[in-house]
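Let's take a walk through this one together, a stop at a time. Have the sequence and the 3D view ready.

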Amino acid sequence: MPEAITILCAGVGAVVGAIVGSFLGVVAGRWPQRRSVIHGRSACEACGRTLAWFDLIPVISWMGPRGRCRTCGTPIGIDALLAEVLGAIVGGTACLASDVPGWSVAVLGWLLLVIALLDARHMWLPLPLTIGLAVTGLGLATYQALAGDDAAILVQALAGAFVGWAPLALLATSYRRWRGREGLGGGDPLLLGAIGLWLGPLGVIHCLLAAALAGLAWVALISVRARIIGTEGMTAQSALPFGAFLALAAWPLYVIG
């Protein structure tokens, strides 16, 4: 019976997570355009048709018309589906977590998801989201330190924030002075510092290494694709959404401890 309840809870969490992921996808699309994410009904960006309720069912509404608008046939984009699927994974995992609080798995996962979406789409890491990530991470560490009467937990979190922020900040400053232009976005050091409050110093090092490897793999994939279809690949001037790789690496590291 407990296993059945756990599976049911994970299923409900996945459904809720898919709904949250759908909303976060809307946030990632509207926020950079300064459009309200609360007011105004969803509509097709191409033909302007207002979407009905059955067009807004997470995952199913995307797969039914094969990722296209039912009216004009314009591709919706796979990023909308990814937001819903990843949101569902976060929600389902939060119900199964045992080593860390389930609510923290959900909060961290959904925050990092919208951060990754915004950086991947718009090369933008909004400061309010980074601050929210830092505040919740610091709050969790403080609560755990007080509940367990162990100040080392809070010290570890603060050390993680420093280890995450300092190297990237130093790298960004050094590159700017050496080359006279930006080589690393100003939001990346702050983001990794906020992640450090959740993961601690060792976890943040693992996160940085995993993100770097993922970034290199992405560059290699883009280069191979460019050679196959005969287009220009990545160059020295090409921008890479490194914050998105940091965000996607941080959440599973937190879940597995």
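In which helix is Glu84 found? Glu84 is in helix 3, where helices are DSSP runs of H or I with at least four residues, and strands are runs of E with at least two, numbered from the N terminus. Before going on, a word on the ground rules: this is a predicted model, where local features need pLDDT of at least 70, side-chain atom pairs count only at pLDDT 80 or more, and totals for chains, interfaces and linings use all residues. Residues are numbered from 1 along each chain as its sequence is written, and side-chain values use heavy atoms, with hydrogens and water left out.

Back to Glu84. This residue is buried but has no salt bridge, and Arg121, the nearest side chain of opposite charge, is 9.0 Å away. Buried means under 20% relative accessible area, exposed is over 50%, and partly exposed is in between, using a 1.4 Å probe and protein chains only. A salt bridge needs a side-chain nitrogen of Lys or Arg within 4 Å of a carboxyl oxygen of Asp or Glu; Lys and Arg count as positive, Asp and Glu as negative, while His and the chain ends are not counted. What Glu84 does have is a polar side-chain atom 2.5 Å from the backbone nitrogen of Val59. Setting aside neighbours within four places in sequence, Glu84 is in contact (heavy atoms within 4.5 Å) with Gly17, Ala18, Gly21, Ser22, Pro58 and Val59.

Next, the rings. The structure holds two aromatic pairs. Rings of Phe, Tyr and Trp (its six-membered ring) pair if their centres lie within 6.5 Å; planes under 30 degrees apart are stacked, over 60 edge-to-face, and the rest tilted. Trp31 and Trp124 have ring centres 5.1 Å apart and planes at 70°, so they pair edge-to-face. They link distant parts of the chain, 93 residues apart: Trp31 is in the loop between helix 1 and helix 2 (60-63), and Trp124 in the loop between helix 4 and helix 5. Trp31 is partly exposed at 30% relative accessible area, and Trp124 is partly exposed too, at 31%.

Trp198 and Tyr254 make an edge-to-face pair, 5.4 Å centre to centre with 85° between the planes. Trp198 sits in helix 7 and Tyr254 in helix 8, so this pair ties together parts 56 residues apart in sequence. Both Trp198 and Tyr254 are buried.

How values were computed
Polar contact = N/O pair within 3.5 Å; in protein donor to acceptor, adjacent residues only side chain to side chain.
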